[in-house]
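Subject: Structure handover and notes

Dear colleague,

Please find below the structure that I am handing over, followed by notes on what turned up in it. I have set out the cut-offs along the way, and I would be glad if you read them with the residues in view.

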Amino acid sequence: MCAPADSLTYFSAGTTSGRRAASSSVDGTVRLWDLELLQEVACCEGHRDWVWGLSMQRDGGMIASCSRDRTARVWQWPGTLVQSIEHKMEVLGVGLSQDGTRLYSAQGKHVQVWCTASLDGPAPSVTWLPA
């Protein structure tokens, strides 16, 4: 676990069931929460700057984060880093399709679409889908 959260929480996301949530912070962490137990499950470290945004798959199985450090990251519950995707500029927004098969990252005037492997199999991998 990370040190206690004493820096500004910047963004949060939750599951449709209301059982899981994630929060991002200016300290570069993504924290995963079990809302039934009202406790932190994991502190995901790896971003080197503010985490601007989060998105969660409906069941919370996959979490995407984006940062000022020019990366988008994909995490699997409970906090395993699946992939870090480098970008040319800071990543201002991130989204996941409802079925978890697509990851969207936004930077500047561009939105990139990435294909993720099914969560039914091994850990997902992310590949660029050019226009």
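In what follows, a residue is called buried under 20% relative accessible area, exposed over 50%, and partly exposed in between, with a 1.4 Å probe and protein chains only. This is a predicted model, in which local features need pLDDT of at least 70 and side-chain atom pairs count only at pLDDT 80 or more, while totals for chains, interfaces and linings use all residues. Residues are numbered from 1 along each chain as its sequence is written, and side-chain values use heavy atoms, with hydrogens and water left out.

Overall picture

The protein chain has 12 strands and zero helices, where helices (H or I, at least four residues) and strands (E, at least two) are DSSP runs numbered from the N terminus. Of its 131 residues, 45% are buried. Its accessible surface, from the Shrake-Rupley method with a 1.4 Å probe and, for residues, only the protein chains shown as cover, is about 7,000 Å², and carbon and sulfur atoms hold 52% of that. Taking contact as heavy atoms within 4.5 Å, residues 24 or more positions apart make up 35% of the contacts in the protein chain with a separation of 6 or more.

A nonpolar core is here a set of buried Ala, Val, Leu, Ile, Met, Phe, Trp, Tyr and Cys residues joined through side-chain atoms within 4.5 Å. The largest one has 12 residues, including Leu32, Ala42, Cys44, Leu54, Trp75 and Trp77. Strands E3 (30-34), E4 (39-44) and E5 (51-56) each contribute at least two residues to this core, and E5 gives the largest share, three residues. Another core, of 11 residues, lies apart from it and includes Ala64, Cys66, Val74 and Ile85.

Two strands are said to pair if DSSP finds at least two bridges between them. E3 and E4 run antiparallel and are joined by five bridges, with leucine 32 having alanine 42 in E4 as its bridge partner. Their hairpin has four residues between the strands, and leucine 38 there takes a positive phi near 55 degrees.

E5 is likewise joined by five bridges to E6 (residues 62-67), in an antiparallel arrangement, and leucine 54 stands opposite serine 65 in E6. Because six of the six residues of E5 are buried, this strand is largely enclosed by the rest of the structure. In the hairpin of E5 and E6, with five residues between the strands, glycine 60 has a positive phi near 80 degrees.

Buried glutamines

Glutamine 57, in the loop between E5 and E6, is buried at 8% relative accessible area. A polar atom of its side chain lies 3.3 Å from the backbone oxygen of aspartate 99. Glutamine 112, in strand E11 (residues 110-116), is also buried, at 18%, and its side chain makes a polar contact of 3.2 Å with that of histidine 87; such a contact is a pair of N or O atoms within 3.5 Å, where within protein one must be able to donate a hydrogen and the other to accept it, and residues adjacent in sequence count only if both atoms are side-chain atoms.

Cysteines

With a disulfide taken as a pair of cysteine sulfur atoms within 2.5 Å, the structure holds zero disulfides. For cysteine 44, the closest cysteine sulfur is that of cysteine 43, at 6.8 Å, which is too far for a bond. Cysteine 44 is buried at 2% relative accessibility, whereas cysteine 115 is partly exposed, with a relative accessible area of 24%.

Best regards
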